[in-house]
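Thank you all for coming; I would like to walk you through one structure this morning. Please have the sequence and the coordinates open as I talk.

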Amino acid sequence: MPSKTFWFNKEICMQIIRNMSWVSIVYFLGLVFALPLKMLMMHTNDEYIYYKEIKNPFSYSFEIQYGLMLIIPVLLAIFLFLYLHLKDSADFLHSLPMSRKVVFNHYVGMGVAFLTIPVLIISCSVLILRSVLDVGMFISIEEVLIWTGITWLFTMFIFFCAVYVGMVTGMAILQGIFTYILLLFPTGIVVLAAFNVKYFLHGFSYEYYLNSKVETYSPILYGSYFEHRAMSISAALLFSGLIILLYFASLWLYNKRHIEAASSAIAFRGIKPIFIYGMAIGVMLICGMYFGEMQNSTGWLVFGYIAGSLLGYFGAKMIIEKTWRVFGEYKRYLYFAGLAGLLMLLFQFDFTGFEKKVPAYSEIKQVYIGNSIYGYRDADALGQVRYLREKENIQNLLTLHKALIKEDVEQEIGKKYYDDIFFYYELKNGKKLARQYNLPKNNSLTHLIKPIYESKEYKELTYPILTLDESKVDKITVTSNGPVNKGVSITDHKQILDSIAALRLDLLSETYEEMIDESRGYSGIELLLNNDKRLYIEWMPDYENFESWLKQNNLLESSRVTANDIYQVWIAPRKDIDQNLLHAYSSDEIIKEFKSKKSVLKVEDKQDIGLVLENSKWFSDGEYVILFVYENGNYVEVMDFINNKIPEFVTEYFRK
Amino acid sequence: MIECQKVYKKYEGNEAVQSVELEVKQGSIYGLLGSNGAGKTTLLKIIAGILKQDKGKVSIQGAPVFENIDIKKKIIFMPDTPYFFSQYTLRQMANFYSSIFPNWNEERFQKLQDIFEIEMDKKLHKFSKGMKRQAAFWLAFSTMPDVLILDEPFDGLDPVMRKKIKNIMIQDVAEREMTVLISSHNLREVEDICDHVGILHKGRIILEKDLDDLKSDVHKIQIAFKNEPQAEWLREMKTLHYERRGSVWLCVVRGHETEVKSYFEQYEPVIFDMLPLTLEEIFIYEMGEVGYAIQNILV
């Protein structure tokens, strides 16, 4: 019965165990450290407060578990198939009377065993410890079984990815590198594409395409959420399917593989162009993104593309040919560069009509408007997205959108601070349209934006507090900004209702100019709802109703920095002050600098201090520099006047 | 037994083996000669079923070798640097071989202990080059192969050990018609055991010979005359080489011994000696210009 023995050869398994089982042992020890040992450590320390963080077995040293899941299977695959990547051993194993399929199955089978056994042992020991240490209330048996399943399936998937890559390449180190690139690829390519298309399509909202799902495309990133989100059934099925697919693909490649491919970068000739042009495209997009984001200029962007494509193309050739001298064959690079340039030009000239597309009023069901997709998504997660639906608002918005397309305000990037503006149209036919533009402050489009921002609908969309069911608010906490320890809590039901009403009045009467000015908020207002959710809003100086409500209730003094907290204020023309000193750590030095100037204005009158306080914003680049010296301790703050809000007494003083 | 038909293989961009025709009969020892980079190793690996030829056919006992398990059970390929699993002792390697090769002969393995001076339970990677080589032969002989393919097998072996190994090899060939294919860059190393040689040069077989024929057919003759014959006196003979040193002629000719003898005797020489030729000399004379190109194989 000789043929039977060749299907399972004990000696081969022994050889694999002798030389490779250490990976399995490291895995096992790592898991022991992460789970059973950690459970014991927590038990003996009586760290009961930490138990509430234990949701499932992943919660024990998840960083270690995650690291093991990513590293061990790849390491194992590299060591198992090292024989295939070294000439001597590859020749030896393939001179033996064993079919490639049998050899492959022995190695892969042992790999599976090496990854499975530690997980099973740990799983059993966690089950035992769970009852012995009495932590059953934190971890159910079901959770342990789910942990076992997820850990096993995920490591299997990573292992088979690495095996597959091992078939394609001939070098152990490249097997490791390519495996991680492959695992990051699905997310990476979407991110790169979105970032790069942004440079060519005015109005393209890359953030919209980089939705939160993108990160789950990459198994590596997907795995990082196991602590908080178990693998879904569909994902488990997908992983299982991929494992089977990878197994058969690897076996097929192994049968096709030339043994002499050991120690060459790519084992199959057909894959070499994919590798070369893939690298060229990948590195080109990465460099484009890097220089595009860092420099914000077309010149640098083009430089990034050229440098990146050169680096990628010739780098790949160097890896394949294992020599520096690859620059002789530049012809194909030129074809590639030409094609890439043409494609970019097509995008630049908007051949898809993307940039000019604006839906007609009659098509629109509703529109979300905000600074970015994130605001929409946060509201969506709570099921509280609000839209513009009124005819007037939508029409105003369409006018603004068209103006943004025409004006190409983006040219002002780099010269001024800007915000983004994001439109998300939902059309009557169910389609959706997302656009995002840069919106420089004080731009020529103010007259178009103002009516939208001041509309009730927009304010309701932007400030959840306006549409909130106020009866659900349990508590309001006002915490002062600045270096003072001030704050008030409002828990009385009537007071809560009144203060919310006051805030709402302020918000609804806020003008566009007030909405965008950069004044410093006095305090943070936090609304605690009865479902334990929290809502934040910044108390801005123009919220007069809220301020007077606090004053009536004798809460004003304790809820924000007032003139009483400030010992004195120094104001000096910017040109007189050493700018570097303003960033100094020592407040003494800054105070000394102000005191030493003749032109400086010292304010000690509390009313004047209050005036300055109301009209100051965070230090930027105005005509004057303001220095607040606080009463308590040695705190100073360097501020600036809000544009055109310089108090009379200051201008008068400096007019002299 | 071993048959190659128009075998072609491109190896790392070079045409390592080009249209090679080769036949090794059962029970013979074939020496594959060639300088470095001639393609010997590539050809041997193709014959051993490790590499797959791009074109042509390779068969052993009438069946293709590549991925043919039944054939490979009967073949041992010994590479130029013997390979053993890391950290393995000879005993462990033997266990491995015995599980893979159905003809493994444990009795013989034990017996060979008398010939090879190796400790079975010492780790092989600590051995010297020659010891590793001995271990490889020990294992190879114990599998009782029908075909033994050896790539530069005598590197690092001392003369005594070479002799012993060659003896075992010849014994196996004689007793059970083992077929041996040996590659070497040195003719002398193999001339005493080979019955056939082939010379591989730049991926092509440029010469294939039966050594016995070769040796009996080529003669070196020293001859001197009292009366010098006419200038073209040698034309009738198949002369591979001639030169004159003073009054003595030195000729290398091909032909049957008696015919050669009678031919020269008709000129009534004063001195007539028929000298044996070394294999090396035969090759150089036989091959003319190509011979010079591959001289380093023969030295």
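Predicted model: local features only at pLDDT ≥ 70, side-chain atom pairs only at ≥ 80, totals over all residues.

**The sheet, the cores and the contact**

Let me begin in chain B, where four strands form an open sheet in the order β2-β1-β4-β5, with antiparallel pairing; strands pair here if DSSP finds at least two bridges between them, and helices (H or I, at least four residues) and strands (E, at least two) are DSSP runs numbered from the N terminus. Residues are numbered from 1 along each chain as its sequence is written, and chains are lettered from A and ligands numbered from 1 in the order in which they are written.

The edges of the sheet are β2 (14–24) and β5 (63–64) of chain B, and each has a single partner strand, so one side of each is left without a neighbour in the sheet. Strand β1 (residues 2–11) of chain B pairs with β2(B) in the antiparallel sense over seven bridges, and B:Tyr11 has B:Asn14 in β2(B) as its bridge partner. Helix α1 (residues 40–47) of chain B packs on this sheet, touching β1, β2 and β4 (55–60) of chain B; contact means C-beta atoms, placed from the backbone, within 7 Å.

What, then, lies in the largest nonpolar core? A nonpolar core is a set of buried Ala, Val, Leu, Ile, Met, Phe, Trp, Tyr and Cys residues joined through C-beta atoms within 7 Å, and a residue is buried if 20 or more other C-beta atoms lie within 10 Å of its own, exposed if 12 or fewer, and partly exposed in between. This core has 84 residues, and those touching the most other members include A:Ala77, A:Ile158 and A:Cys161. Helix α9 (residues 141–168) of chain A gives the most to it, with 16 residues. Beyond its neighbours within four places in sequence, A:Cys161 is in contact with A:Thr179, A:Leu182, A:Leu183 and A:Leu246.

Finally, the two chains meet through 22 residues from chain A and 23 residues from chain B. On the chain A side, α7(A) provides the largest share, six residues. From chain B, helix α3 (residues 90–100) has buried residues that include B:Leu90, B:Met93 and B:Phe96, and the buried residues of α3(B) pack against α2 of chain A together with α4 (106–111) and α5 (129–142) of chain B.

Conventions: Axes fitted to C-alpha atoms, helices over the stretch in contact; angles between N-to-C directions.
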